[in-house]
Amino acid sequence: MTLKIGIVCHPTYGGSGVVASELALSLADVGHQVHLFSHEVPPRLAMSPGPVQMHRAQGVPYPLFHSTPHDLAITSAILNVHREIGLDVVHAHYALPHAVSAFLARSAAQADRGHPAPKVVTTLHGTDITLVGNDPSYSPLTQFVIRASDAVTAVSKWLAAETRRQFCLDQDRPCLVQVIPNFVDTERFHPDAAERRPKCSRPRAVHVSNFRPVKRVPWLVEAFGQALRGRNAELVLVGDGPDQGACREIAHRLGIQDKVVFLGERDAMPELLSPADVFALASREESFGLAALEAMSCGTPVVATDVGGVHEVVEDGVTGLLAARDDQAAFAAKLAALLFGEVDAAAMGRRAREAAVERFRREKIVALYETLYRSTSAR
Ligand code: GMT
């Protein structure tokens, strides 16, 4: 039986919007009726011809509002679609504000007495629990929506444990948080996605993020400088965000500006990831590390800081190399080992590809969400 599914997400290049868009497209591919709600079209959806119905809910600016409340416009959009077709499930990605919008739409639908109210499934992605969700200005509401959702998932075991530790301390009211890891389209993110570059070109590390402080891209540029020790290689930085200026300054200060390449926001991810020798991720905190998984699927091994749920994705010494969070010298040494051939990067990349296909392929993980929707909507 096909389901009528609403998906709510941030429309940014960030991982939660990518996961939500890829999930929406995958569910539509197998015949479900899927509606995506956001205040802009998310980039991964925009790239695809898939039959997901997009509801761009922006709200109206008004002088009384400090900023336009998109989340209320999204709530109204969900309610309009529900009144028309009867959604089975509304799946909120990133707790705030989307689980609140879904909760409000469900409450309004209950008051309507029309179609049975949709169930609310909330997926926690990372900073919605850590940096943002546990700030005192949001934590009571984050805790409320976790409890008020009909089902809650987290993208790693680490994030599920962190959610319980921070928000579910009441022994009498345990929260059920199911782990459903992120996934990758292993056909598109494939080692053959790009032609291998000419043999004479220099070893290449690639990093992808939104350059927020939590990603520590300036720290990564410093570590890359240490890894070089006079040798030639390049660090390709994909994405944009608040720390980009600091990265440029550091590259100049270290005299490696000709070796650090800033590509800005790009959509051609498989083509950028597959020719790289190593994917580098130096985050201070990371619940999963979706870009690392996409690199692995392209056969590119990973060097990363061993934080949060990263070790659930990257197996140290097998599919990549992990360094302690603040050990920049160790991170630099591991980066150098993969860039300059002390470790067999190609063999590690082959194992990374195998792990991505075996554990995180799209079909396998999307089926877990389908099962969850069915069991939740049958309640
Ligand atoms: O939590 C965030 O930082 C935002 C979020 C996003 O929208 O980019 O990233 C998180 O969700 C991704 C998708 O599930 C995970 O792969 C990232 O590890 C996670 N980021 C952090 O935990 C810092």
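**Note on selected local features**

1. Thr-300 sits in the loop between helix 10 (290–297) and strand 12 (302–305); helices (H or I, at least four residues) and strands (E, at least two) are DSSP runs numbered from the N terminus. The model is predicted, so local features require pLDDT of at least 70 and side-chain atom pairs pLDDT 80 or more, while totals for chains, interfaces and linings use all residues. Residues are numbered from 1 along each chain as its sequence is written, and side-chain values use heavy atoms, without hydrogens or water.

2. Is Thr-300 buried or exposed? Its relative accessibility is 0%, so Thr-300 counts as buried (buried is under 20% relative accessible area, exposed over 50%, partly exposed in between; 1.4 Å probe, protein chains only). A polar atom of the Thr-300 side chain lies 2.8 Å from the backbone oxygen of Leu-273. Not counting residues up to four places away in sequence, Thr-300 touches Leu-273, Ser-274, Ala-276, Asp-277, Val-278, Phe-279, Ala-295, Gly-349 and Ala-352 (contact means heavy atoms within 4.5 Å).

3. Helix 10 also packs with helix 13 (residues 345–360), at an angle of about 115° and with the axes 7 Å apart (axes are lines fitted to C-alpha atoms, for helices over the stretch in contact; angles run from 0 to 180 degrees between N-to-C directions). Helix 10 is therefore roughly perpendicular to helix 13 (roughly parallel is under 35 degrees, roughly antiparallel over 145, roughly perpendicular 65 to 115, oblique the rest). On the helix 10 side, Leu-293, Met-296 and Ser-297 take part; on the helix 13 side, Gly-349, Ala-352, Arg-353, Ala-355, Ala-356 and Phe-360. Six residues of this contact are nonpolar, two polar and one charged (Ala, Val, Leu, Ile, Met, Phe, Trp, Tyr, Cys and Pro count as nonpolar; Asp, Glu, Lys and Arg as charged; the others, Gly among them, as polar). Gly-349 and Ala-352 of helix 13 are also listed among the residues touching Thr-300.

4. Helix 7 (residues 217–228) packs with helix 12 (residues 328–339) at about 60°, their axes 8 Å apart. That angle makes helix 7 oblique to helix 12. Helix 7 contributes Trp-219, Leu-220, Glu-222, Ala-223, Phe-224, Gln-226 and Ala-227, and helix 12 contributes Gln-328, Ala-329, Phe-331, Ala-332, Leu-335, Ala-336 and Leu-339. By class, eleven of the contact residues are nonpolar, two polar and one charged.

5. A cis peptide bond, with omega of about -5°, joins Leu-96 and Pro-97; Pro-97 belongs to helix 4 (residues 95–112). Tyr-94, not a glycine, has a positive phi of about 80° and lies in the loop between strand 4 (89–93) and helix 4. Arg-113, also not a glycine, has a positive phi of about 65° and lies in the loop between helix 4 and strand 5 (119–124). Tyr-94 is buried at 12% relative accessibility, whereas Arg-113 is exposed at 79%.

6. Gln-33 belongs to strand 2 (residues 33–38) and is partly exposed, at a relative accessible area of 29%. Beyond its neighbours within four places in sequence, Gln-33 contacts Leu-3, Lys-4, Ile-5, Gln-53 and Ile-85. Its C-alpha is 8.6 Å from that of Gly-6, 27 residues away along the chain.

Methods:
A polar contact is a pair of N or O atoms within 3.5 Å; within protein, one must be able to donate a hydrogen and the other to accept it, and residues adjacent in sequence count only if both atoms are side-chain atoms.
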